[in-house]
Amino acid sequence: MDIEFSLALPREAIGIPMVRRALGDSLRSLGVTESCVSDILLAVTEACANAVRHGGPANRYEVEAAIGYGRCDVRIIDRGHGLLRVPEHYPPADTENGRGILIMQAVVDEISFDITPGRGTTVHLRKHLDWDEDAAFLRRRMLAAV
């Protein structure tokens, strides 16, 4: 089954729960395991938080999601100044920020960045999906009853 959607959001934290709800509900409705859903939502939350924090001067950012072929692809697109570099290790424990990209790398299968200095950053997250067999069985049974 293929599901695709895109959202254009204000560059404010209030939009992040909307992204989490739309994506999480989509994945759960297909029977993706809760562990897999949690990993995807953690990575997407971190990417959206970075777009909110660093995506200026633009006042919006976009999220594009595609679920199909056994994987979930999400792109978070901002029109900010562009990421300078990807960190290679976690910052010291007493540092308040700087762990988001490393957290994303830890929970998804693939992550890439399309950076155009002065024009923005696109973060592409890909995760292969794990299926909850009980949920998939119930979904097939409900569809057969329609």
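Me: Two strands pair if DSSP finds at least two bridges between them. How are helices and strands assigned?

Reply: They are DSSP runs, numbered from the N terminus: helices are H or I with at least four residues, strands E with at least two. This is a predicted model: local features need pLDDT of at least 70, side-chain atom pairs pLDDT 80 or more, while totals for chains, interfaces and linings use all residues. Residues count from 1 along each chain as its sequence is written, and side-chain values use heavy atoms, without hydrogens or water.

Me: How many bridges join β2 to β3?

Reply: Eight, between antiparallel strands β2 (residues 60–68) and β3 (residues 71–78). Val63 faces Ile76 of β3.

Me: What is the strand order of the sheet?

Reply: Strands pair through backbone hydrogen bonds, parallel or antiparallel. Here five strands form an open sheet, β1-β2-β3-β5-β4, with antiparallel pairing.

Me: Which strands does α2 touch?

Reply: Helix α2 (residues 34–54) packs on the sheet against β2, β3 and β5 (120–128), contact being heavy atoms within 4.5 Å. The direction of α2 makes about 175° with that of β5.

Me: Which residues line the largest cavity?

Reply: A cavity is a set of 1 Å grid points, over protein atoms alone, where a 1.4 Å probe fits but cannot get out; lining residues have an atom within 4 Å of a point. The lining includes Ile40, Val74, Leu125 and Arg126. α2, β3 and β5 each supply at least two lining residues.

Key:
Axes fitted to C-alpha atoms, helices over the stretch in contact; angles between N-to-C directions. 1 Å grid on protein atoms, 1.4 Å probe; cavity = no way out; pocket = protein on both sides within 12 Å on 5 of 7 lines; lining within 4 Å.
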